[in-house]
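Here is a short briefing to read alongside the model. Keep the 3D view open as you go through the points.

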Amino acid sequence: MKYFVDVVLPYKLNELTYSVPEGLDGKVFIGQSVSVGLGKNKLLNGIVVRIFSVAPSFEVKPIESVTNNIPAVNQLHIDFWRWIADYYMCSMGEVMNAALPAYLKMERETRVYASEFKHLNDLSAVEETILRNVEQYKTLAIADLARKMPKKNIYTVVQALLSRKLLFILEDQHNAYKELSVKKVFLSEEYCNILSVNEFIALNQKKAPKQSDLLKGIFQMVMSGKNGLLKSDISEKDYFSASSYQSLLEKGILRESSEIKARYAQEKAIDEPLKQLNEYQQDAYDKINHNIQQKRPVLLHGVTSSGKTEVYLHLIKQVIGQEKQVLYLLPEIGLTSQIISRINKNFGANSTVYHSGLSTSEKYEIWKALLDTNATNLKLIVGVRSAIFLPFTNLGLIIVDEEHESTFKQTEPAPRYNARDMALVLAQMHKCGIVLGSATPSVESYFNAKTGKFELVEISKRFDSQKLPIVEIIDMRLKQNQLKNSVFSPIMLKKVNDALEKKEQIILFRNRRGFSPILICADCGAIPKCKNCDVSLTYHKEDNQLVCHYCGYSHKNTGKCSYCGKTNLNTVGYGTQKLEEEIQFIFKNAKVARVDTDSMRKKHAYKKLFDDFEAQKIDILVGTQILAKGLDFKHVNTVGVLSVDALSSMADFRANERAYQLLTQVSGRAGRHKGEGLVIMQAYSTENKMLGFVEKADFISFYNNEISERQEFMYPPFVKLIKIEVRHNLENIAQKAAQTLVLALQQKQDCVVLGPIYPYIKRVQNKYNLQILIKLKRSNHLHEDKMFVKKILNLMSKDTDIKSVQYVVDVDPY
C-alpha cells in the first residue's frame, strides 16, 4: 500500500503533502524529521504531522530521506501547534519556525559534489552538463547550478543523479551539531595522599617549582571534592602552567580522559533545605495543592515580598518528587539568574534554564533531553516565553510568575502569541496543574478568578511581617520641587543622600533607555530623523550614536546639524544614560551602575550586575523596567521613580493598567528585608486616580475602576480583539488596501470594526502602517468569526491592484 504524509516546513506555509517512496515504507512516523524538496532547488528538513493512504487528487513529490530516527516532536506537541496556528491565525510553518531549535529545521540551500567524473553513454546532455559544472567548481549550491543551466528546473535531474550516486549532498559541517567533549584530569592513586605530594614537592621545589605548585593545587582541589576535575577549572587557577601540566602528565602523576558533557548541565544540588513557610504561605500552598489535584487553574495574588517564590519552590519539590516535570516561566532573561541561583541549591542537576541567550547547541540538547523519556533527569525548566514550546513528556505543573507582564506577548514575527494564555492550554492538554502568580494580576486574569474560571488564592502580608513601603508623590509643577538643569527634585536627592549615609542601596527607575530622546538644533530647530521610520533618533552618549529604537538604524553624531550645518545642538528629555551621568556627577563617591538593553548585551551580563549589586559593590542602580520584575535585594529601602506621567499617557486601553503594575512592582523592591521602604515618585499629573491607587496599594479599587471602564467601552475581557496592520512602502496603496479591507469586514454582523488609523509612528522600516481593530463578542462562534476574517484576507491577497500589501494579524494585541 502506498502512503502519503503531510509535512510542516519552517515557512509561512501550512502542511505540504509528499509521498513515501518504497525504500522508506515503515520507516516514517509522526513527529519525525524528513528531508523534502521545496520549489526547484531547495532541500529542507520538515516534520511529519500526518500519515495517510488515500491518494491526493494532485501530483506530489516523494520524501527524499529520513534525517533522524528519533522523533523531533510528539503527537501532543503537534496538537499544540495546531491550536496555536488556529487561535493566532497563522500557519503551522510559522509555529514550527518559532518552536524548533535551529538544528531541527536546518533551513539550508543544498550543496552537491560529484564522484570522480567518467563519461557514461546513458547520460543525457543536461545530466552531463550538470556533472561537468559540479566537477569544475568542486561543490555547488543547487540554486547556483540552476543559474548556469539553460533549463532552470533541474531539481528532478539532480535527484536522478543523486539516486545513481553520481552526485552527493554535501553536509554543512559548519552548522552541524557536535557534542561537547570535556577533558577530565585525574590524580594517580600514588599521589592521592599528602605524604607522596610532600615528597614530590621536597624533591622538585627548587628545580621544578611550578610543577610543585600545580601538584599541590590539584591535590587540594581533589581533597575538597572528588578525583576527576575539569581541566578548564584547573587552567583558570593562578598556579596553572601549560608546560608544568604536560610534564606531570608525562610523569604519570596526572591522567587525562575525555567525556561527553551536556551543555545545559547545572551544578549538583547543595541539598539545602527549603525555608519553612509562614502561616500565610502555608495556607496558600495548601489551597494551591488542592486545586492542582483537581486540575483547576490557580491565580496566586500575593503582595510584593509576600514570599510567592518560596511557595513555588515547595510546589516544585512536591511535583519533582512524583517524578514529573515542571515548567517555570519568567518574563525576562534577567530574572533567570537570580531565580536559578536559588533553585540550584535545591534541585541542581535536575534543572536548567531556557531562553534566547543560549547557544543553538544548548537549546538543541535541552530539546533532545526532554524527548528522551528513558534517559533524562531534567525535571525543572526555568525559562522565558519561548520555553512554552519545549517537548515535555510528563508535565506535572506550570508556573507563570509575574503573569501580568507584557513580555509574555510575542509581537514579531508570527505566531504573535501570549505565553501565559498558551500555558493554560498546554496545562489542559497535559492534564496538569497551573499557577499564575503576581502582586498585580492582569485585569483579565483577576476577572477570570472573580468569575470562577480560575481559583483565587491570596497572600495579603509581606514575609517576616515587613510593612509595604511608603509612597511619596512629588508634584513637579511646584517651583520648590524643581532644580535648574536637573531631572531630580530636591526631595529625591535628599532621600538618596540619606540612604547613602545609612550605607543602603538605591534604585532609580526611568522607563526610557539612551541618553536623550531628542537632539535639537538651537539655530534652525531641526531634529535628526530615522531614514526608514517617521520617528526621531535617540541620542546615545556612551558611543556617540543617534539610534532608531524601531528599526535599529544608527549613525555617528558629528556634532553638526545635518540641515543647517551649525554646531549649536541641545539635548531634550532624558533616558537612563543621562540619569546615570547626572546622579554620578551629584554623588561623586557613590558607585553607580545602569541596567537596560543597551548595557546588558553580553551573555551573563545580568547575572554579573545583580551579583555585584547583591554584594554591595554598587550603591545606586539606574534602570528600565527590568528593575520592576521580581528582583529581591536585601539592602534597598529607597526607590526613586522619574517621569511617572509618561507611563500612563500612551494611546492604549491598557495604559493605566500597565502604569499601575509597573509602579507597584518597582515600589515593591523597597524595604523587603530590614528597615522601612520609601518610594519617591516625581509626577506632573498628580491628580491621576491611578497614582492614588498606587499610593494606597489598593489593587481592588484599581481593578473595580478599570473593569467598569472596560465594560462601558467594550474592551477585554468583555470582547476579543484582533488587530490587523496593513503595510506597504507606498502610502496610497496602503490606504487603499486598508479602506477596502474595512468595507469587507463591516459586512459581518456583530463585528465592530475600528479604523483604519495611523499608529503613533506611521512609517517603520520604510513601510507605511495603518491599523484596523476588530471587536468580536465572546461566544461559541469565535472560530467561525476568525475564519471569516481569514477568508477576507485571502481574497484581498489575490487583488492584483493591492497584491503586494502585507497584512499582519495579531489576536489579543497589546
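In which segment is Y3 found? In this predicted model, Y3 lies in the segment before β1 (4-8).

**Surface patch**
- Together with M1 and I51, Y3 forms a nonpolar patch on the surface.
- The accessible area of M1, Y3 and I51 together is about 320 Å².
- Y3 itself is partly exposed, because its relative accessible area is 35%, which falls between the 20% limit for buried and the 50% limit for exposed.

**The β10-β9-β11 sheet**
- This open sheet is formed by three strands, in the order β10-β9-β11, with antiparallel pairing.
- Its edge strands, β10 (229-230) and β11 (254-261), each pair on one side only.
- Strand β9 (residues 180-187) runs antiparallel to β11 and is joined to it by eight bridges.
- Within this pairing, K183 has S258 of β11 standing opposite.

**Helices on the sheet**
- Helix α7 (residues 209-224) packs on the sheet and touches β9, β10 and β11; the directions of α7 and β9 make an angle of about 100°.
- Helix α9 (residues 242-250) also packs there, touching β9 and β11; its direction makes about 105° with that of β11.

**Strands β6 and β7**
- Two bridges link β6 and strand β7 (residues 140-141) in the antiparallel sense, and A141 in β7 is the bridge partner of R111.

Definitions and conventions:
Residues numbered from 1 in each chain as written. Predicted model: local features only at pLDDT ≥ 70, side-chain atom pairs only at ≥ 80, totals over all residues. Heavy atoms only, no water. Patch = residues over 30% accessible without salt bridge, like charges linked within 9 Å, V, L, I, M, F, W, Y side chains within 5 Å. Areas by Shrake-Rupley, 256 points an atom, 1.4 Å probe, with all protein chains shown as cover. Salt bridge = Lys/Arg side-chain N within 4 Å of Asp/Glu carboxyl O. Helix = DSSP H or I, 4+ residues; strand = E, 2+ residues; numbered from the N terminus. Buried < 20%, exposed > 50% of the residue type's maximum accessible area, 1.4 Å probe, protein only. Pairing = 2+ DSSP bridges. Contact = heavy atoms within 4.5 Å. Axes fitted to C-alpha atoms, helices over the stretch in contact; angles between N-to-C directions.
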